[in-house]
Structure formats: structure tokens, C-alpha cells
Amino acid sequence: MPISEATTYNVEQFPAIDRPVWLNHAAISPWPSAVIQAMRNFVEQNASQGPSDYGQWMAIEQRLRERLAILLNADSHNDIALVKNTSDGLNLIANGLDWQPGDVVICCAEDFPSNVLPWRKLNQRGVEIREVCIRDTSNHPLGDPEAPLIAALDERVRLMAVSSVRYDSGLRLDLDRLGNACRSNDTLLAVDAIQQLGAQALDVSRLPVDFVVGGSHKWLMSAEGLAMFWSRPPAREQLQPTQIGWRMWHDPFNFERNDWQPPCSARQFEPGTLNMAGIHGLDAAVGLLLEFGMLDIETNLAARVGHLLDGLSTIPGVQIITPSKLEQRAGIVSF
């Protein structure tokens, strides 16, 4: 919709922005009305009748997996695990691969700590960490930020870990280019997509990526304490579950079984009880995103980002950090 026509609907859908100015900081999204109502219904139902409708809760959990698969254009909902947060998903990769001394991980210097700290810890196992700078001396993103990452690849690089959209500048990396370079080098590509999911389409059936992790509380517009972790099956086969629990198995309520072999699906990364309140909220949020369609959301968001950048460029003394190239922008404007 045109920018001038958006206000009434947005206030109706997002009560938190009913104020003269709403400025977010790429951290926690205000909840849309659909999420508020879904979580309120869950709490009230639990308060009045306890878990008597647990079967219905499980059905909503399954619907969420299927909706997330549609959002990512994934081949199967069995490739998606529900985990605690983005850091949890990244640690599944860092702790689950069979690292050997001399292996190398490439990540971005000065990235958000969640996508740096798990890799640094691998130093203890003899893994070399190459933190590649993709900013210039004035803190602006490089004009070709993928080039130094690709240049850092060699035969020892086991994994490259990037944020698809940088939290500090709003820079969006070219995952096609990075993924193809990694594939040519037999290197896995892990993507922290928390600042892209819900803002711009991310098609895992097309992109040459191996892992995608994203928490629920930013552009996915839901509560904290939940994240999705997608893994491509050949890459998932290289991971060992780092935790074992009752819920990761097929038919988990059969407590007296003897065949406790980890499943091949992404459920192997879900050892215990999940955040059911968060699941209700995220299911509603993803349903809303699918209702409007990521193409329309991405188009409208790009128009608003462009409108803001155009206005900021006319203000004396304002230094814009967000890239000027349309293909390098997402939903964050930094200035």
C-alpha cells in the first residue's frame, strides 16, 4: 500500500505504534494484534482448564512447522527444528560438527556476538577462526563486502558463518554469491537470518545455503524465547546432537520404548519440552506474513526504507551508514 495510506491499518494491527513517533532499533518487534490474541487465548485457556487441550496445542505446533516451511520455501517441514533462540541454533552447529585441528571457520568481524562467540570457542579444539572485516575505516560497509569473505576461502575452511543482514548497518549480503563460492570450496554456509526472516523473502530451495537460524522476536513479530533452525539434509548428516531428551524421537509419548535412535529429521535437535506459548504466538505471526505474502511485504518495506533514506539525505550533518545500493538493503536504516 502507498506510504500515506498505511497509518490506519498499522495502528489497528500494531497497537504499540499508536503514538506520535515510533522508532525501533532492530531488536524487539511490537506484537501485531493476531499474536497478542493468540497468546492471550493460550494463557486464558491454560488458566481455566489446564492442559486438557494439549492435542490441539500439538496441532498448532505442527502447523507452525508447516508454515515455516512455506515461508522458507523448504522442501519439508522435517528440515525445521524449533529451538530456544538464534544463539542456541548456532551453537548446535558449532558443537555438533566433528571438528579437526587445523579446520577453519570464516565469520565477519564485529558481527553480532551470537555469530562470533560460538566460533571463537572452537579455538580450544584447534580450529582457526578468521574474522573478516567487511567495513571500511569510517564504519561503512565495503562496496563489495562478499569479496574479502570469498578471498578468505581455502582448502582448510570447513564453514563460513554470516548474518544475512547486519544488525549495525542494515547491509544485506549476497547469499547466492557466498553460497556458490562455498559450494565450490566444499565449505558449509551457516546463515544467521534473524534480521531478514519476515522482512525479505529467503528461499532455501534456491539458495546454496546449508543452515539458517532465526529468532522469533524481530521481523517475525513474536515473543522472545523461540527460534527456527533449518538444515539441509546432507549438511544435517554432519551434525551430532549435543543434547538428548524424550521429545526428539518419533512417537515421543511412548515412554517405554527401546529403540532410542536419533531421528534423521531436524527433530533430533529438540530434546525437551518446547515454548508452547511462544509457538502459539509465532504461528499467528507467520500466518499473518503468509497471508500478506513476502513479495508484497518486501516491496512495501523497500519503499519505506527508500523514503526514509531520501529524507535523511536532505538533512545537513546526517551521515547515512546503510548502503545506497538497493540490492544491499533490507529493513534497517542506520544513520
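Is Glu270 buried or exposed? In this predicted model, where local features need pLDDT of at least 70, side-chain atom pairs count only at pLDDT 80 or more, and totals for chains, interfaces and linings use all residues, Glu270 counts as buried, at 1% relative accessibility (buried is under 20% relative accessible area, exposed over 50%, partly exposed in between, with a 1.4 Å probe and protein chains only). Residues are numbered from 1 along each chain as its sequence is written, and side-chain values use heavy atoms, with hydrogens and water left out.

Glu270 pairs up with Arg267 in a salt bridge, with 3.0 Å between the closest N and O atoms (a side-chain nitrogen of Lys or Arg within 4 Å of a carboxyl oxygen of Asp or Glu). Shared partners then link Glu61, Arg65, Arg247, Arg267 and Glu270 into one network of salt bridges. The count by this rule is 18 salt bridges.

Another of these joins Arg63 to Asp283 at 2.6 Å, N to O. Arg63 sits in helix α3 and Asp283 in helix α9, so the pair ties together parts 220 residues apart in sequence (helices are DSSP runs of H or I, at least four residues, and strands are runs of E, at least two, numbered from the N terminus). Arg63 is partly exposed at 38% relative accessible area, while Asp283 is buried at 3%.

As for the sheet, seven strands form an open arrangement in the order β1-β7-β6-β5-β4-β2-β3, with mixed pairing (two strands pair if DSSP finds at least two bridges between them). The edges are β1 and β3, each pairing on one side only. Strands β2 and β4 run parallel, joined by four bridges; Val105 has Leu159 of β4 as its bridge partner.
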